[in-house]
Amino acid sequence: MRKRNSGSLFLFGAAGILTVLLLQSCVAVKPYQRVYLNDEAMQLGKTQIDKFDENVHTYREGSSGGGSGKSSGGCGCN
């Protein structure tokens, strides 16, 4: 009976530590900050197929550079 109590105590302690760790990642977002949650910078990385589609689109349009970075408007001046 004594081992059962130490096992329960260990599980209770582990559950408490896990709860504390999970709650540390919670942050309240203010309503005016919610606008930025859908920004591209907030998204996870793109998949390989998305990168390929973007690259194909960039080459097809032709007015921008070969990469997906910022470039000129296609007038040839930069």
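Where is the place of methionine 42? Methionine 42 lies in the loop between helix H1 (2-24) and H2.

**View 1. Overall fold of the predicted model.** The protein has two helices and zero strands (DSSP runs: H or I of at least four residues for helices, E of at least two for strands, numbered from the N terminus). Residues are numbered from 1 along each chain as its sequence is written. In this predicted model, local features need pLDDT of at least 70 and side-chain atom pairs pLDDT 80 or more, whereas totals for chains, interfaces and linings use all residues.

**View 2. Helix H2 and its end.** Glycine 62, with a positive phi near 75°, follows H2.

**View 3. Exposure of methionine 42.** Methionine 42 counts as exposed because its relative accessibility is 51% (exposed: over 50%; buried: under 20%; partly exposed in between; 1.4 Å probe, protein chains only).

Terms used: Side-chain values use heavy atoms; hydrogens and water are left out.
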